[in-house]
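Please keep the model in view while reading.

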Amino acid sequence: MSFKYAGNLIRYSFVLGIGSLLFQGACAQDSLKNLPEYSLPITNQKLVIAHCMTNIIRYKGHEFEDSGNPAYYSPKGNITAPLGGLTQVKPMTDSLMADKTLDESVEFEMRAALRSGIDGFQFYYVLGSPKWDDIIKAYFRVADKKHINFKFTFCISHPNGSTEALKVAEFARRINGIMAEVGRNNPHWLRTPDGRLIIYQWVGEGLADIPADKKGLPDEFYVALAYKRLANAVHERFACLFTVNTEITKAKLDSYLDYFPAVWIWTLPYGKDYIGNMIAEECRKRNHTFTGSVFADFYTSKLLKKDTWDMYRQASEAVNAGISNVERKYVTTGLSYNFRKLFEFGMQHDAPIMNVITWNDYPEGHHLAPEINHNEGFSILLNYYKNKWKGLPSPYADRDVAIVFFKKYNHTIKPSPYNIPVKGFQKETIPASWEDSIEVVTILKNNAKLTVNGQSVTVAAGLISTKFKSRPGQVEVSVTDNGKTTVNFTTPEGITDHPYRTDRLTYTYSSEFGRFYNNLFTGFVPGYSHEYSAAKSVNN
């Protein structure tokens, strides 16, 4: 990673000098542990904040990165044909935004996110990418101009390499540049009630230099000190949310909470031993904020080198490596189960913030943004749960809703000819067999009859999940209440016994499809997946 702006270190030398004095005093006495501000509220309103991949956005002259580029979706007619198509996601915005300005594109992203139930973005923010700052500035500019009620902040992500001083200097220069343009007091900043800027971290420990002689202090002290230095350099007070993206011990959690006001959980799936139980309980005991997290899916469209997280960034690199030298990563989520249970868990523990992982990380497959596989299904659930969490009436109180979730084929079937290995990378908590069915989540006004592919059952009012046997073909769904049909649709996509390529994305479709996308943005027309439906074969 390059640090092109290290020369600006001089202008921050006085700030880092203050940090150095703080460090010297801290060696004798830990001045950052259990500060009173760690127990202050993070927010005074319930918010849904999504992790946003800053650079994954389509506008004129700026394409999606290769691992999310629809140009590589088809198994034919592009350079990735030997892989059966590199990407297995197809964002709906690609053709519409190809000729739009950056401002038009960020407006679409915000309006689509709001319709999905999201209140703000925490931007994936890395070293060495100063051009991303223009995208962030555009979000603020358009939110101001169009009066869009949306919040923003940074997620300092894997700041590895170089030295702490250089990294703090680069982040400070860039953040100060953004604030100078959009305004430090801009109401779109995500702040605590007492005015601290909420800063997320994703594997953010790398900002700190951890000395060989730690003077008896834990690593977390030095990480907190590095973020204190960054806060000083941008003339702010931070409320940092430390990331938990792997199983940790209670001792390690306690060390996090000694130096940070809150943590947030990455893609750890729900189960009886869900790490959120320990985290929520410790936050309660120590009067810290527990934030909930939800993710819909995890299946990488991006291809990785075997047994690593080293991705092939260019389509040509993946093609040259060949199927025998690539793999995809996966987490079993049980169709809608993981998403529903994680939100219910957050509600149970009265989390003031629910983190969505993610808005638009198409290459990792946990996106909510409009795309032809995930469609609107998880967004419908999010809106339902959000209103319930906030004590508001259901947004679907005036009508019946049905949402279908399925995988395109049984997990025991081996695709042919493009069978790319799928590898888990963390503790699995949900049986893979749970995904070998058709799940229909209904949100009904009254008890009613649900019919799926000719099989009928009675389901109760409210939100209910019902499983049906998976079978090849499109899925037909209807709901009948006292002889009146209130829901009736057929999924555009189908299920197959003969998949031509590996594809473990969860497919969703609902009775809300037309209503959800109607008038979302001028000129927007939703797309459809037809790989295994009778309407159209991908091979024809």
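Helix axes here are lines fitted to C-alpha atoms over the stretch in contact, and angles run from 0 to 180 degrees between N-to-C directions. Helices (H or I, at least four residues) and strands (E, at least two) are DSSP runs numbered from the N terminus. The model is predicted: local features need pLDDT of at least 70, side-chain atom pairs count only at pLDDT 80 or more, and totals for chains, interfaces and linings use all residues. Residues are numbered from 1 along each chain as its sequence is written, and side-chain values use heavy atoms, with hydrogens and water left out.

Two packed helices are described by the angle between their axes and the distance between the axes. The axes of α7 and α8 come within 11 Å and cross at roughly 45 degrees. The two helices, α7 and α8, are therefore oblique to each other; angles under 35 degrees count as roughly parallel, over 145 as roughly antiparallel, 65 to 115 as roughly perpendicular and the rest as oblique. Their contact (heavy atoms within 4.5 Å) brings K250, L253, D254 and L257 of α7 to M278, I279, E282 and C283 of α8. The residues of this contact of α7 with α8 divide into 5 nonpolar, no polar and 3 charged. In this classification Ala, Val, Leu, Ile, Met, Phe, Trp, Tyr, Cys and Pro count as nonpolar, Asp, Glu, Lys and Arg as charged, and the others, Gly among them, as polar.

Helix α7 also packs with α6. Helix α6 (residues 219-233) and helix α7 (residues 250-259) lie with their axes 9 Å apart, at an angle of about 30 degrees. That makes α6 roughly parallel to α7. From α6, E220, F221 and A224 meet K252, S255, Y256 and Y259 of α7. This contact of α6 with α7 comprises 4 nonpolar, 1 polar and 2 charged residues.

How much of α7 is covered? Of its 10 residues, 7 are buried, where buried means under 20% relative accessible area, exposed over 50% and partly exposed in between (1.4 Å probe, protein chains only). The buried residues of α7 pack against α6, β5, β6 and α8.

In helix α8 (residues 275-285), the buried residues are I275, G276, I279, A280, E282 and C283. They cover an arc of only 165 degrees around the axis, which puts them on the same side of α8; the arc is that of the directions from the helix axis to the C-beta atoms. On the other side of α8, R284 and K285 are exposed. The buried residues of α8 pack against β5 (238-244), α7, β6 (262-265), β7 (289-290) and α10 (337-348).

Elsewhere, helix α3 (residues 102-115) and helix α4 (residues 132-146) have axes that come within 9 Å and cross at roughly 70 degrees. Helices α3 and α4 are therefore roughly perpendicular to each other.

Most residues other than glycine have a negative phi, and most peptide bonds are trans. Just after α8, N287 takes a positive phi of about 60 degrees. V203, in the loop between β4 (197-202) and α6, has a positive phi near 50 degrees. H235, in the loop between α6 and β5, has a positive phi near 60 degrees. The peptide bond from I357 to T358 is cis, with omega near 0 degrees, and the bond from S416 to P417 is cis with omega near 10 degrees.
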